[in-house]
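Please read it alongside the sequence and the coordinates.

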Amino acid sequence: MLANGPSFRLLPRLDDDNTFFWTSGEDGVLRILRCNNCQFYIHPPGPICPQCLSRDVAPQSVSGRGRVETFTINYQEWIPGSEPYAIVWVSLDEQPSVRLTANLIDVEPDDIVIGMEVEVAFEHNDDVYLPVFRPTTDGGDR
Amino acid sequence: MSPLHEEPLERRAIISGIGQSAIGRRLGRSELELTIEASLAAIADAGLTRDDIDGLSTYPGMGTGTAGFAGPTTPEVQDAMGLSLNWHDGGGEGAGQMRAVIAASLAVAAGLARHVLVYRTVTEGSAQGTGGRQGIGGSGGGGRGIPRMGGFLQWSLPYGAVSAANWIAMVGQRRVHEFGLTSEQLGQIAVNGRRNAALNPNAIYSDPLSLDDYLASRVISSPLRLFDCDAPCDGATAVIVSHRDVAGDLDHPAVQINAVGTALRGRPSWDQFDDMTTMAARDAGASMWERTELVPADVDTAQLYDGFSVLTIVWLEALGFCGRGESGPFIEGGANIARDGLLPLNTAGGQLSGGRLHGFGLIHEACVQLRGEGGERQVVRPGGRVPEVAAVANGGGPIAGSMLLTRGVR
């Protein structure tokens, strides 16, 4: 059976630092905070670049492509009514040190391998567009 | 070789007394009562009276975490026991649960206190009732009317990564990928713990557990099975941290704090830490060995955090008992970590079978072994020697602390 997410989503509380991230998917594009001084991608977002300490930081559109660094299939019903779902850490192509925790969806759990190429999708829930990932559909030639 | 030019200050501190309350799955007793029971036992064990105690410390302190997790606050314990204090401290941030012991050792070394009562109390067994283990944030759903998540939990909870079991499973799967870790290898942590718990009258689970039993148990979050997860319980552990000047007054061997490991050099994050196979244990372990002339081969017994079994094998490597990625082969078959093996591990059953006393059960057991008071489960090293050096580790993911303890003052 294809894995999706849990049956219910606990949602993030939006604030000045994180709203751009959690609402970015409204136009189908993933955005990560980036330092305009040294071009370092900063995640989770904060008011200053941890590399060069510049405060000139702004959301930057990214490809939404990345790789599965590790994963787990959750079976325990912490959230009642959930079928087994896949939790992944995805490293982003633009800067692999940035990892997003997410669900891998539209996938057979047995088909998940570390290193597989994935692309972002968004799950609209209330005022939040949760980034999730699915296996790349274009062969991932990059 | 130590980069230090002078003796590490923690070496001025000893653990002069230890005590535990009753320990059980669900005792139905208050956390304050359990704390006092353990504290009075530790004070008596140190040959002290209540009036000698002038310092108080705990992990984590006020209002932290899910129900049954935090234990009573230091003001509650101070007031209940009528303590007059020169130094007091509680907090959930620092080098693992043992941060409370480390802080006490430094307070004693700095002359802020003479005898510090340090405690850790859990009533998670009672708090969770019979409904099974809960995730963080409860089991509620999304949408309107449900509390929203801020802070670091916002990055994992929306995806159903609601338990440390999920986060640590990620480390385990990465180890399967990088090092070829097998279920048969990982299972030895649970099997070893249960074997030792059979000789610990206070253990939560003492029925025999075979590797086949382990392999047949249900998967919680792959690759973690039920028996890879520790057992929530009720119980309190207390230790007295004193100045080493009083070591000669004790009617049992003093346990000296030889070195502590407190570093966090990578990012303080579950999913952003550079090395997904080790995390903060790598840094705590490295910083501990930088503070001592002892080496891993000197260690006679290791009490390594097993909130989840994967964390124990992370610690085996982080503390240098085997090379990076070699913990799987090291524990395979279980002989190396048995009580008569190369590195007797979690000799009271750890948290998997002894109960989730959250780091402090491991500290307690290290002292028991160094004092030669382990009874049936006492480790005897080649040549009939009682253990002289013990390593203790607490924590997982971005949370880690470690200590080297020695029998007697060096």
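**Notes on the predicted model**

1. In chain B, V255(B) stands opposite R407(B), a residue of β11(B). Strands here are DSSP runs of E of at least two residues, helices are runs of H or I of at least four, and both are numbered from the N terminus. The strands β8(B) and β11 (residues 401–407) run antiparallel and are joined by six bridges; two strands pair if DSSP finds at least two bridges between them.

2. Some conventions apply throughout. The model is predicted, with local features needing pLDDT of at least 70 and side-chain atom pairs counting only at pLDDT 80 or more, while totals for chains, interfaces and linings use all residues. Residues are numbered from 1 along each chain as its sequence is written, and chains are lettered from A and ligands numbered from 1 in the order in which they are written.

3. Strand β8(B) also meets β1 of chain B. Two bridges link β1 (residues 13–20) with β8 (residues 255–261), and the two strands run antiparallel. Within β8(B), Q256(B) is the residue opposite I14(B). Strand β8(B) is mostly covered, with seven of its seven residues buried; a residue is buried if 20 or more other C-beta atoms, placed from the backbone, lie within 10 Å of its own, exposed if 12 or fewer do, and partly exposed in between.

4. These strands belong to an open sheet of nine strands in chain B, with mixed pairing and the order β3-β2-β4-β7-β1-β8-β11-β10-β9. Strands β3 (87–90) and β9 (301–304) of chain B are at the edges with a single partner strand each, so one side of each has no neighbour in the sheet. On average, neighbouring strands of this sheet are turned by 25° against each other, direction ignored.

5. Two helices of chain B deserve a separate remark. Helix α8 (residues 280–289) and helix α9 (residues 309–318) of chain B pack with their axes 9 Å apart and at an angle of about 35°. Axes are lines fitted to C-alpha atoms, for helices over the stretch in contact, and angles run from 0 to 180 degrees between N-to-C directions. The crossing of α8(B) and α9(B) is right-handed, meaning that the near helix is turned clockwise from the far one, whereas a left-handed crossing has it turned anticlockwise, by less than a right angle.

6. Helix α8(B) contributes A281(B), R282(B) and G285(B) to this contact, and α9(B) contributes V314(B), W315(B) and A318(B). Residues are in contact if their C-beta atoms, placed from the backbone, lie within 7 Å. By class, the contact of α8(B) with α9(B) has four nonpolar residues, one polar and one charged. Ala, Val, Leu, Ile, Met, Phe, Trp, Tyr, Cys and Pro count as nonpolar, Asp, Glu, Lys and Arg as charged, and the others, Gly among them, as polar.

7. Between the chains, the contact takes 34 residues from chain A and 38 residues from chain B. On the chain B side, α5 (164–179) and β5 (219–221) each supply at least two residues. Helix α5(B) gives the most to that side, with seven residues. The side of chain B that touches chain A has 19 polar, 14 nonpolar and five charged residues.

8. Chain A has one helix and eight strands, in the sequence pattern α-β-β-β-β-β-β-β-β. Its radius of gyration is 16 Å, close to the 14 Å of the globule rule for 142 residues, so chain A is as compact as a globular protein of that length. The radius is taken over C-alpha atoms, and the rule is 2.2 Å times the number of residues to the power 0.38. Of the 142 residues in chain A, 39% are buried.

9. An open sheet in chain A has three strands in the order β2-β1-β3, with antiparallel pairing. Its edge strands are β2 (41–42) and β3 (57–62), each pairing on one side only. Two bridges join β1 (residues 30–35) of chain A to β2(A), where Y41(A) is the bridge partner of R34(A).

How values were computed. Contact = placed C-beta atoms within 7 Å.
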